[in-house]
Amino acid sequence: MSRDVYEKIINLGKRRGIIFPAFEIYGGVSGFFDYGPIGTVLKRNIEEKWRKLFVYNEGMVEIESTLIMPSQVYNASGHLAHFTDIMTKCSKCTNILRTDKLLTDIGIENAERLKTDELDRLIEKNDVRCPKCNGQLTKSEPFNLMFQVEIGTHSGSMNGFCRPEAAQGQFLAFKRIYLSERERLPLGIAQIGRCARNEIAPRKGPIRLREFTIIDFEIFVDPDNLSYPKIKYVEHEKLRLLVAQEQLAQSSKIMEITVKEALEKGIIKNQILGYFMVLASKFLNDLGIPENKQRFREALPDERAHYSQQTFDQEVWLQRWGWTEVSGHAYRTDYDLRNHMTCSGVDLRVYKAFDKPKKVAKNVLKPKMDVIEKDYGALNAQIIANLLSKSDHKVICRELNEKGFYELMGQHLIKLESKHIDIIVEEMVESGRKFIPHVVEPSFGVDRILYAVLEYAYLEKKKRVILELPLQLAPVQIYILPLVTKNGLPEKAREIFKMLLDESLTVIYDESDSIGRRYARADEIGVPICITIDYLTLEDDTVTLRDIKSWQQVRINSRDLPNLLRKYFKNKLRFDQLGKPL
RNA sequence: GCGACCGUGGUCUAGUUUGGUCUAGGACAAAGGCCUUCCAAGCCUUUAACCCGGGUUCAAAUCUCGGCGGUCGCACCA
């Protein structure tokens, strides 16, 4: 029975220090993995590649926020409500069901807002049974996918949660960063960091983890201007889309379409979303995942997150699991900032000046104090005037127009009619406007991407394992190998080793076992270049360079190594341009 | 979380049916040495395992129960 790539990669990961189950000596817990020496660097290189493409090249910024946040944050973000499912179980067939869904199915509205015991009462009252086998349902229990933590000592503790996404950090710090970045929009704020979700039954190794690294990129934009000038450089790039419509028709037909066309046809809602989808595709391409093994699947309305208006999941074809999500591209609108604004009471709107101040006709409310005093008394009149000034004038005008009265909510309900209020049209000058920025969010699962990279880099050649990683991802760039361990070759090799270390290259020196065996070891962890020091080196200072891909060798003078290798690792030279072929 | 199958050195595995001969065998890898050779060569030496915990038994890798982990199916995965 032949193993599939997944097993081979897990095996390689364990053997060569890439990735392996965490706390193995205590038996491990599913959903937790550690990165070894090679995996750590590989992951860092992937992250660095992302930074370059999305942050540095786009003039965006990166932050680091906390992993633990107090419960108010997740109350505001909606995670406390939406990330908690109240579950019930069928006592007969042990089917696990969401209690609120069962009630929604029989026509009870807003079931997701009810408490556990209320849900159970409704289940009992309506005699809801297991839809599969008609069995009796057990008592409901809440299950929250967030890890809860206690902040501080037991007595005075405050509830907190480990973040299930990094994004909230950006929303919470938005105001400060917006100011320190001198009030520019669009403003992308990135974060690469650990998150935790208490998954019910994680499987699939590094694909579904309880603790994982996420890249959340929140791009804050003016909702009236969702354009992105750089779109013109990529508008003819093609995207592979699986739109919602196709999925609803039980089809998985992929539409190959240029971003320009997708935007024009409204398939992708805005330029920012489209631009960064192109970038995401390029990103994976640079990581060695071919275009035809990628696609963007539009999330169906019922599978979209509670905050999202449109979502495309970027998926990669994996041999064992088929299309697997590695990134999500969501239009989060102003959902998060709006909620944090309401919950915290802090104004998170931004102010944008108009190009030219505008003259606007504005309805100004003037309470007719004498009439109000007559109807409600002098003391109340002051309070009413005060409340009026704090109310939304647009609403008051509308209601007065439509209904003929406006109900002012104070300690008592006060009915105000047209005779109480003068509406004066005044010409005013507005120099700008305030609004809550909208957010476009590309979000990446680093661990999944790393796994996909391994899967596409994995090769077998002559019964040997080769990790053919893209050049810039290589955790170890150079292997230094003296051909034999005598006659001064190791000494010479160590000299060159030291020289390349000083060039800030990642280099390993290896003198044990035969040369072939050492090449094989280097291949397994994807070392692009092996440098061999032989007897000729002692005579003329030349060394051989061996390419992981072709196994071809070229001979060059060791003096030229720093210069040529630097160019090579920047993709400015091909291997065969490094020196004379052997 | 439920069900089925599974868990032996770093990796892959023999042994489990029928408890004892297992002081657990092999291959590969790794470490040291010899050899000095451009694709896992050879020789010598060494390190190294029955997932964890109860139970049955004179005796458990083997039977049994529980836990943990893995794979698959169901459910879950905004």
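**Entry 1: second largest pocket**

I began with the elements around the second largest pocket: α2 (37-56), α11 and α20 (561-569) each supply at least two residues of its lining. The model I am reading is a predicted one. I noted that α2 gives the largest share of this lining, seven residues. The volume of the second largest pocket comes to about 660 Å³. I counted 25 lining residues, and those closest to the pocket centre are Glu48, Lys52, Gln472, Gln477 and Phe569. Sorted by class, the lining holds ten nonpolar, six polar and nine charged residues.

I then asked between which domains the second largest pocket lies. Domain 1 (5-68 + 160-336 + 440-445) and domain 4 (476-581) both give residues to the lining, so the pocket lies between them.

**Entry 2: domains**

I looked up the domain assignment of chain A, which also lists domain 2 (84-144) and domain 3 (354-433). For domain 1 and domain 4, I recorded a separation of 37 Å between centres, taken over C-alpha atoms. Four residues of domain 1 are in contact with five residues of domain 4.

**Entry 3: nonpolar cores**

I turned next to the largest nonpolar core, which has 82 residues. Ile46, Trp50, Phe54, Leu241, Phe276, Phe283 and Ile449 have the most contacts inside this core.

Leaving aside residues up to four places away in sequence, Phe54 touches Met60, Phe217, Phe276, Leu279, Ala280, Phe283 and Phe444. I also found a second, separate core of 25 residues, with Ile478, Tyr509, Ile556 and Leu565 among them.

**Entry 4: cavity**

How many cavities of 30 Å³ or more does a search of the whole structure find? The search finds one. I noted a volume of about 60 Å³ for the largest cavity. Its lining consists of Lys238, Leu239, Arg240, Ser281, Glu291, Gln294, Arg295 and Phe296. By class, I recorded two nonpolar, two polar and four charged residues in the cavity lining.

Technical notes:
Residues numbered from 1 in each chain as written. Chains lettered and ligands numbered in written order. Predicted model: local features only at pLDDT ≥ 70, side-chain atom pairs only at ≥ 80, totals over all residues. Heavy atoms only, no water. Core = buried A, V, L, I, M, F, W, Y, C linked by side-chain atoms within 4.5 Å. Buried < 20%, exposed > 50% of the residue type's maximum accessible area, 1.4 Å probe, protein only. Contact = heavy atoms within 4.5 Å. 1 Å grid on protein atoms, 1.4 Å probe; cavity = no way out; pocket = protein on both sides within 12 Å on 5 of 7 lines; lining within 4 Å. Points joined across faces, edges and corners; volume = space filled by probe spheres on them. Nonpolar A, V, L, I, M, F, W, Y, C, P; charged D, E, K, R; others polar. Domains from an automatic or database assignment. Helix = DSSP H or I, 4+ residues; strand = E, 2+ residues; numbered from the N terminus.
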